[in-house]
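These are my notebook entries on one structure. I wrote down each item as I looked it up.

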Amino acid sequence: MTNEVRVRFAPSPTGPLHIGGVRTALFNYLFAKKYNGTFILRIEDTDKNRYVANAEQYIIDALKWCNIPFDEGPNKNEEFGPYRQSERKEIYKKYADFLIKNEKAYYAFDTAEALNEERKNHEEQKKTFIYNWHNREKGRLVNSLVLSTEEVEKRIKNGDKYVIRFKTPTNETLIMQDIIRGEVKIDTNVLDDKILFKSDGMPTYHLANIVDDHLMKISHVIRGEEWLPSMALHILLYRAFDWKAPEFAHLPLILKPTGKGKLSKRDGDKLGFPVFPMEYLNETTNEVSRGYKEDGYFNDALINMLAFLGWNPGTEQELFSLDELIQVFDLKKVNKAGARFDLDKTKWFQNQYLQNKNNTDLVELFNPIIDANLDGNGFKDFNTEYRTKVISLIKERATFVSDFWNLSNFFFITPLEYDVKASKKAWKEDTNNLMEELIVILTAITDFSTENIETKVKEWITSKEIGFGKIMQPFRLSLVGAMKGPHIFDIASMLGKEETISRIQKACATL
RNA sequence: GUUCCGUUAGUAUAAUGGUUAGUACGCUUGACUUUCUAUCAAGAUAUAAGAGUUCGAUUCUCUUACGGAAUACCA
């Protein structure tokens with residue numbers, strides 16, 4: 001690659017970033033890093049009405065948690081700044097005027113009501129209203145193409161509201177290149193004269209986006225597929241300015257897990273899974289939306305899952321660290337079709353990451369949970385070694401750190417009650433007597449190791465000729481309180497002789 | 001409605017002008033652990049439909065169907 005790679009993620013601060021946005025950011029980041037390029041965050045806040053105060057901070061925090069740091073952006077290496085479009089307001093007018101002067105754009109004075117009226121009329125006739133060469137000079141619309149120069153100047157001087165529209169060229173088949181989709185063709189006659197500059201003095205997305213991408217020397221525009229229909233306008237704008245256009249790549253959309261349409265911000269609450277990387281507080285409604293972080297997902301697991309939504313390296317490896325992703329990432333291998341979000345697969349990634357984490361690291365995360373649940377009620381003090389051992393025994397059944405406690409509470413507290421169904425099944429009339437005998441066996445064991453207990457107990461069961469189930473099931477029930485948990489002899493060894501025997505006695509007394 | 005984009009099992013995807021169309025999640029069954037939400041093993045399920053090009057197409061072309069997006073003084 002001869003030119004420097006500079007890509008940008010350009011969200012609009014109208015609310016929290018959802019995982020589709022995170023994936024767009026991720027792909028931009030991976031592409032930039034792969035080519036030693038620059039990843040830029042630009043805040044596209046040209047719509048005053050939809051602006052949400054805490055959204056920008058959320059976006060920044062979310063990218064940080066996801067480990068997708070930007071090289072340039074608000075308050076960071078502002079060489080091409082500012083990076084908020086609201087702070088670049090003055091820049092855009094100049095470029096809009098340039099287009100007017102070169103007859104690539106024109107003033108339009110039509111009111112929103114008049115345009116709505118047109119749309120309605122067209123709809124009644126089953127036609128679509130398009131503001132373009134069909135009608136822009138036919139006199140029904142009010143713009144500088146039909147008005148005299150004097151009239152236009154008078155209106156502007158008067159303070160009449162106006163917008164600036166792009167004068168789309170006619171009779172041309174545009175052939176565009178998309179890195180992911182290949183050739184995309186469109187007839188310019190079906191395009192409409194998009195508004196570039198709004199009557200409130202702000203540019204629309206289209207103008208601001210092109211001007212900023214040019215000024216910030218963006219080399220590749222990597223964005224969601226919803227922008228594909230706008231690519232023609234954008235290419236035409238680059239041409240009108242006589243600028244070199246960047247390369248484009250339109251990413252497939254992330255679709256709802258069930259039903260129709262693309263994943264939307266509301267789906268999380270409706271379908272019962274997070275759509276946001278982190279929890280988000282809506283400050284006007286005070287509603288809290290759940291986030292992957294708070295639900296217990298690891299950031300690297302989320303990122304790995306997202307990377308595989310619409311892309312894969314072409315090998316059978318599925319687990320990749322961020323650095324490995326950077327190495328193997330290739331825009332050309334991104335899929336064209338929309339990808340349905342799959343919660344099961346997401347959990348699988350999380351599970352894999354949990355299994356691969358060091359137990360010593362996991363203890364740090366588990367400690368607060370143990371301490372909160374214990375609150376001085378444990379049967380002894382539990383050192384880090386003990387806690388780590390517990391994790392090693394139950395980890396494979398867990399997906400989240402928050403699963404640990406349910407899987408391991410019996411390592412810390414004596415069962416308070418016994419699972420009713422299991423008790424009925426496992427505890428028979430002669431069980432108490434058998435347990436008394438088991439206690440005798442256990443008492444005799446000096447080295448209370450897993451292996452030792454196992455051989456001694458099994459020897460005894462075999463010599464008594466009484467099916468394993470009659471002993472093992474009540475034994476487990478006594479120690480755990482339910483028919484669950486890891487290898488029973490591991491549990492006994494961990495609890496120690498005294499606690500093990502005392503639990504059996506307690507069970508005998510209760511059941 | 002119009003324009004653009006897309007379509008390999010339930011889902012995410014791999015591969016190829018000639019293969020038993022691969023993998024993962026999920027699902028089913030079995031084994032093991034005489035517990036399980038774990039583990040192991042086995043299994044079922046796919047090239048949307050039709051036509052054309054070709055000795056041969058899932059792969060290239062066209063049509064249809066279906067899906068998605070866009071069609072705002074939102075991004």
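**Entry 1: the loop at asparagine 36.** I began with asparagine 36, which is found in the loop between helix H1 (19–34) and strand S2 (38–41). Helices (H or I, at least four residues) and strands (E, at least two) are DSSP runs, numbered from the N terminus. I noted that phi of asparagine 36 is near 55°, a positive value in a residue other than glycine. Asparagine 36 has 9 other C-beta atoms within 10 Å and is exposed. The terms I use are these: a residue is buried if 20 or more other C-beta atoms lie within 10 Å of its own, exposed if 12 or fewer, and partly exposed in between, with C-beta atoms placed from the backbone.

**Entry 2: conventions.** The model is predicted: local features need pLDDT of at least 70, side-chain atom pairs count only at pLDDT 80 or more, and totals for chains, interfaces and linings use all residues. Residues are numbered from 1 along each chain as its sequence is written, while chains are lettered from A and ligands numbered from 1 in the order in which they are written.

Entry 3: I followed the chain on into S2. Which way do its side chains point? Thr38 and Ile40 point one way from S2, Phe39 and Leu41 point the other way, and all are buried. In a regular strand the side chains alternate between the two faces of the sheet. I then found that strand S1 (residues 6–9) runs parallel to S2 and is joined to S2 by four bridges. Two strands pair if DSSP finds at least two bridges between them. Within this pair, arginine 8 stands opposite isoleucine 40 in S2.

**Entry 4: chain A as a whole.** I counted 20 helices and 13 strands in the secondary structure of chain A. Why is chain A described as more spread out than a compact globule? Its radius of gyration is 33 Å, well over the 24 Å that the globule rule gives for 511 residues, so chain A is more spread out than such a globule. The radius is taken over C-alpha atoms, and the rule is 2.2 Å times the number of residues to the power 0.38. The C-alpha trace of chain A spans about 110 × 50 × 40 Å along its principal axes. I recorded that 34% of the 511 residues in chain A are buried.

**Entry 5: a sheet of three strands.** I looked up an open sheet whose three strands stand in the order S3-S4-S7, with antiparallel pairing. Its edge strands, each pairing on one side only, are strand S3 (105–108) and strand S7 (195–197). Strand S4 (residues 163–166) is joined to S7 by two bridges. Isoleucine 164 has phenylalanine 197 in S7 as its bridge partner.

Entry 6: Is strand S8 (residues 220–224) largely enclosed or largely open? Four of its five residues are buried, so S8 is largely enclosed by the rest of the structure. S8 runs parallel to strand S9 (residues 247–251), and five bridges join them. Valine 221 has phenylalanine 248 in S9 as its bridge partner. I also checked helix H5 (residues 149–158): of its ten residues the number buried is one, so H5 lies largely in the open. Just after H5, glycine 159 takes a positive phi of about 90°.

Entry 7: Lysine 217 lies in the loop between helix H6 (205–215) and S8, and its phi is near 55°. With 14 C-beta neighbours inside 10 Å, lysine 217 counts as partly exposed. Proline 82 is found in the loop between helix H2 (55–65) and helix H3. A cis peptide bond joins glycine 81 and proline 82, with omega about -5°.

**Entry 8: RNA strand B.** Last, I listed the 64 residues around RNA strand B, of which Ser12, Thr128, Lys260, Ala337 and Phe468 come nearest. A residue is near the strand if its C-beta atom, placed from the backbone, lies within 6 Å of it. Among the elements that give two or more residues to this surface are helix H4 (112–124), helix H11 (343–356) and helix H18 (468–480). The largest share, four residues, comes from H18. I sorted the surface into 21 nonpolar, 19 polar and 24 charged residues. Here Ala, Val, Leu, Ile, Met, Phe, Trp, Tyr, Cys and Pro count as nonpolar, Asp, Glu, Lys and Arg as charged, and the others, Gly among them, as polar.
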